Amino acid sequence: MVQSAVRTPLPAQRLAGVASSPVRDLLALVDRPEVISFAGGLPAPELFDLDGLRAAFDRVLGSADGRRHLQYAPTEGNPALRALVAARMTARGLSTAAADLLVTTGSQQGLTLIAAALLDPGSVVAVEEPTYLAALQCFQLAGCRIVTVPSDDAGLERALREHQPKLLYLVPNFANPTGRTLTAGRRAGIAALTAAHGVWVVEDDPYGELRYRGEPVPALASQPGAEEHVLHLGSFSKIAAPGLRLGWVRTPPALRPALTVAKQAADLHTSTIDQAAAAAWLAHTDLDAHLANLRDAYAQRRDAMMAAMPETAPAGSTWTDPDGGMFTWLRLPGPVDTASLLPAALAGDVAFVPGAPFYAGRPDHATLRLSFTTHTPGEITEGMRRLGPVLRTPAC
Ligand SMILES: Cc1ncc(COP(=O)(O)O)c(C=O)c1O
């Protein structure tokens with residue numbers, strides 16, 4: 001065999017600082033039927049509207065213009081789907097026209113497209129601490145410098161003045177990973193401060209429809225003065241099914257052309273047939289009834305996890321009590337690194353996600369995220385029973 005001294009080039013430099021997602025890596029480890037996993041943010045598959053979705057695909061493929069739904073299509077997205085999503089957003093209090101929306105391949109692609117359209121290597125992006133892991137990956141891949149902002153108006157104003165970020169990324173409803181929700185007052189303050197400092201805002205809202213108690217809080221994008229600088233991301237992943245990979249960006253007009261070019265370069269357009277089926281599903285499903293069903297089931301799962309928490313978490317722990325969404329965020333007392341507890345948890349057939357990767361800055365290793373949507377209340381109670389002895393292992 002002839003040996004060549006020529007090496008193929010290394011992967012791009014921009015990947016150097018971007019770690020693989022521990023959540024996605026964990027999904028492979030917990031894929032055993034005996035494991036009760038609180039790790040992945042997985043919706044409950046038994047609550048997917050399988051019959052409704054199958055009927056929607058049948059309807060579009062069986063229609064007279066079924067072949068059109070297998071053809072290339074406009075980059076901005078299926079007009080019927082955009083109109084239906086816009087109507088729902090408007091009904092929920094965020095006035096939206098179909099033309100304001102770009103359909104994306106999951107809301108995750110919305111983040112990628114925003115990064116491509118707005119951010120240069122070295123651009124400063126501000127985030128809450130902790131925040132959604134794959135948003136951090138996305139901004140790191142774009143070569144951005146990530147800074148964290150305090151959770152009060154005075155702290156935010158200081159951070160905006162000091163770091164002059166180009167973009168602020170927030171998950172205002174039932175955040176991933178903390179489950180926390182920003183109050184109406186905070187949203188108004190953020191909209192006004194970012195407008196005054198000329199900062200783009202991304203309001204990432206995959207969980208907003210999953211509220212189990214209390215009143216909905218108006219979207220950041222609906223605050224006075226938000227029209228020109230707040231982008232809003234939505235998703236079918238938690239209200240229909242994540243495997244559809246369908247989401248959307250509501251964008252101010254100034255950014256529409258740049259986002260459309262970024263989308264063209266990424267994938268030309270989102271799957272034609274999936275968009276058409278989603279439009280048919282929305283048009284023929286009682287979405288409010290479907291969501292009421294989801295909320296009812298998830299509220300019981302949330303309650304089961306909260307009820308088990310005092311017995312499960314060691315004395316001195318703190319945890320969030322989310323009004324909606326999929327997650328609670330737990331902090332153990334003492335100098336513990338929750339990553340070191342994971343092998344024992346997996347050996348005991350239960351899983352969680354250690355908190356450190358959700359931090360852009362200095363991580364709090366004593367934190368962890370638990371998701372309560374994937375399993376039934378009975379399974380959650382059993383999973384928490386398995387988790388208790390692991391979390392109560394004394395720190396070494
Ligand atoms: C805050 C946040 N944004 C975006 C996403 C990505 O969702 P999608 O499935 O729509 O790409 C998730 C998924 O868990 C999320 O938690």
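The largest pocket of this structure holds about 730 Å³ of space, and the structure itself is a predicted model. This report describes that pocket, then the ligand, and finally some features of the backbone.

**The largest pocket**

The lining of the largest pocket is made up of 31 residues. Those that lie nearest the centre of the pocket are Arg-24, Gly-41, Gln-108, Tyr-132 and Lys-238. Three elements, namely α1 (22–29), α4 and α5 (133–141), each give two or more residues to this lining. Of the elements, α4 gives the most, with four residues. When the lining is sorted by class, 15 of its residues are nonpolar, 11 are polar and five are charged.

**The ligand and its surroundings**

Where does the ligand sit? Its place is in the largest pocket. There are 14 residues around the ligand, and those that come nearest are Ser-107, Asp-204, Tyr-207, Ser-235 and Ser-237. Helix α4, which spans residues 106–118, supplies the largest share of this shell, three residues. Helix α4 is also the element that gives the most to the lining of the largest pocket. By class, the shell around the ligand consists of five nonpolar, six polar and three charged residues.

| Residue and its atom | Ligand atom | Distance |
|---|---|---|
| Ser-107, polar backbone atom | oxygen | 2.8 Å |
| Asp-204, polar side-chain atom | nitrogen | 2.6 Å |
| Ser-235, N or O atom in the side chain | oxygen | 2.6 Å |

Taken alone, the ligand exposes 400 Å², and the protein buries 92% of that area.

**Features of the backbone**

Which peptide bond that ends at Pro-130 is cis? It is the bond from Glu-129 to Pro-130, with omega near -5°. Pro-130 belongs to the loop between β3 (124–127) and α5, and α5 is one of the elements that give two or more residues to the lining of the largest pocket.

The peptide bond from Asn-176 to Pro-177 is also cis, and its omega is near 15°. Pro-177 is placed in the loop that runs between β5 (167–170) and α7 (184–197).

Gln-164 shows another backbone feature: its phi is near 45°, a positive value in a residue other than glycine. Gln-164 lies in the loop between α6 (153–163) and β5.

Definitions and conventions. Residues are numbered from 1 along each chain as its sequence is written. This is a predicted model: local features need pLDDT of at least 70, side-chain atom pairs count only at pLDDT 80 or more; totals for chains, interfaces and linings use all residues. Side-chain values use heavy atoms; hydrogens and water are left out. A residue is near a molecule or strand if one of its heavy atoms lies within 4 Å of it. A polar contact is a pair of N or O atoms within 3.5 Å; within protein, one must be able to donate a hydrogen and the other to accept it, and residues adjacent in sequence count only if both atoms are side-chain atoms. Accessible areas come from the Shrake-Rupley method with a 1.4 Å probe; for residues, only the protein chains shown count as cover. On a 1 Å grid over the protein atoms alone, a cavity is a set of points where a 1.4 Å probe fits but cannot get out, and a pocket is an open set with protein on both sides within 12 Å along at least five of seven lines; lining residues have an atom within 4 Å of a point. A molecule sits in a cavity or pocket if more than half of its atoms lie within 2 Å of its grid points. Ala, Val, Leu, Ile, Met, Phe, Trp, Tyr, Cys and Pro count as nonpolar, Asp, Glu, Lys and Arg as charged, and the others, Gly among them, as polar. Grid points are joined across faces, edges and corners, and a volume is the space filled by probe spheres set on the points.
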